Amino acid sequence: MTRWGILATGNIAAQFAEDLRLVPGAELVAVGSRTLAGAEAFAARHGVERAYGSWAELAADSDLDVVYVATPHSAHFEATRTCLDAGRAVLVEKPFTLDLADSTTLVEAARTRGTFLMEAMWMRCNPLIRRICDMVADGAIGTLTTVQADFGLGGPFPPESRMRAKALGGGALLDLGVYPVSLAHLLLGVPQHVRSWAKISPEGVDENTGIVFGYDSGAVATLSCGIVGQTPVRAVLGGTTGRIELADPFFRPYEATVHRAGAEPETIVVEPVGSGYQYEAIEVQRCLAEGLTESPLVPHSTTLEVMSLLDTIRAQIGVTYR
């Protein structure tokens, strides 16, 4: 049995708690929040045995095998460091931190301690995404030449929301754009050329952002994210002999259509199960059972490379958090 703790009590924490019920061998035994009342209310809703009124108290619980950090972006570093310092394995929500420097510090801390640490980039653990990656690698659409992906929400979001508040790491890029960027990285690797533009909000965060990745191979990724207009939230992978279309939402797809030259389209459909967070939990438990300190599906190198790209994009569009 893998004993889980959850740090934070918001919407994502609640969805993760429910999806843990779908994971064989998983047991949610503790929750921690900045207030005891918040932790106790979450514990009552989700049948959690122990509630703590501070992050440090949760991290100090030696009965825990792993802690899932589900705070807003701006608190990921502090919360994760607290858990690592207490010797807890950690699954931390995306984006890993606000910048590469903090992400590197956490990775080095985990490696020094020999403690498991993984970014909760659930897209990389999704079964259909993994199948599509295998198909692309096997040449199902020839050589991959383009990746197109978008993630835009219509809102409107008030200035104090985590989507807009600079103090909470707000803006489209870190919350939404991390998915198109991660998809391009997953399929094409680190680009040699990055160009970005954004409309900056009165709060100083990006509210509508366009990104182009260029690769020396000739491949191109065109990506967008925004918090001022609903977009299809789809992805299209183009190759020399066909294309693959990932339906909304592309980062947690239930359907993909493969178009090959001279052939009828092939649609792959998977049955929705839970909210999709269970797959990253299953990967964490597999790694812990095998004594691994990082996941081969979401390795530290990937987390740092993606964060470096996000830093580059933020520098180009003029968004800073410090």
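Modeller: A definition to start with: contact means heavy atoms within 4.5 Å. Helices (H or I, at least four residues) and strands (E, at least two) are DSSP runs, numbered from the N terminus. Axes are lines fitted to C-alpha atoms, for helices over the stretch in contact, and angles run from 0 to 180 degrees between N-to-C directions.

Colleague: Fine. Which strands does helix H6 lie across?

Modeller: Helix H6 (residues 127-137) lies across strand S7 (144-152), S11, S12, strand S13 (255-260) and S14, and runs at about 15° to S13.

Colleague: Before more of that, where do the numbers come from?

Modeller: This is a predicted model, in which local features need pLDDT of at least 70, side-chain atom pairs count only at pLDDT 80 or more, and totals for chains, interfaces and linings use all residues. Residues are numbered from 1 along each chain as its sequence is written, and side-chain values use heavy atoms, with hydrogens and water left out.

Colleague: OK, the sheet. What is the strand order?

Modeller: Eight strands form an open sheet, ordered S8-S9-S10-S7-S11-S12-S13-S14, with mixed pairing. Two strands pair if DSSP finds at least two bridges between them. At the edges are strand S8 (193-200) and strand S14 (266-269), each pairing on one side only. From one strand to the next the twist averages 10°.

Colleague: And in what sense do S11 and S12 pair?

Modeller: Antiparallel: strand S11 (residues 235-239) and strand S12 (residues 242-246) pair over five bridges. Ala235 has Leu246 in S12 as its bridge partner.

Colleague: What does H7 touch?

Modeller: Helix H7 (residues 172-188) packs on the sheet and touches S7, strand S9 (206-214), strand S10 (220-226) and S11. The direction of H7 makes about 165° with that of S7.

Colleague: How do H7 and H9 cross?

Modeller: The axes of H7 and helix H9 (residues 300-317) come within 10 Å and cross at roughly 120°. That makes H7 oblique to H9, since angles under 35 degrees count as roughly parallel, over 145 as roughly antiparallel, 65 to 115 as roughly perpendicular and the rest as oblique.

Colleague: Which residues meet there?

Modeller: Among them are Leu173, Val178 and Val181 in H7, and Val306, Leu309 and Ile313 in H9.

Colleague: Switching topic: where are the cis peptide bonds you found?

Modeller: One joins Lys94 and Pro95, with omega about -15°; Pro95 is in the loop between strand S5 (89-93) and helix H5 (100-113). Another joins Asp248 and Pro249, with omega about -5°, and Pro249 is in the loop between S12 and S13.
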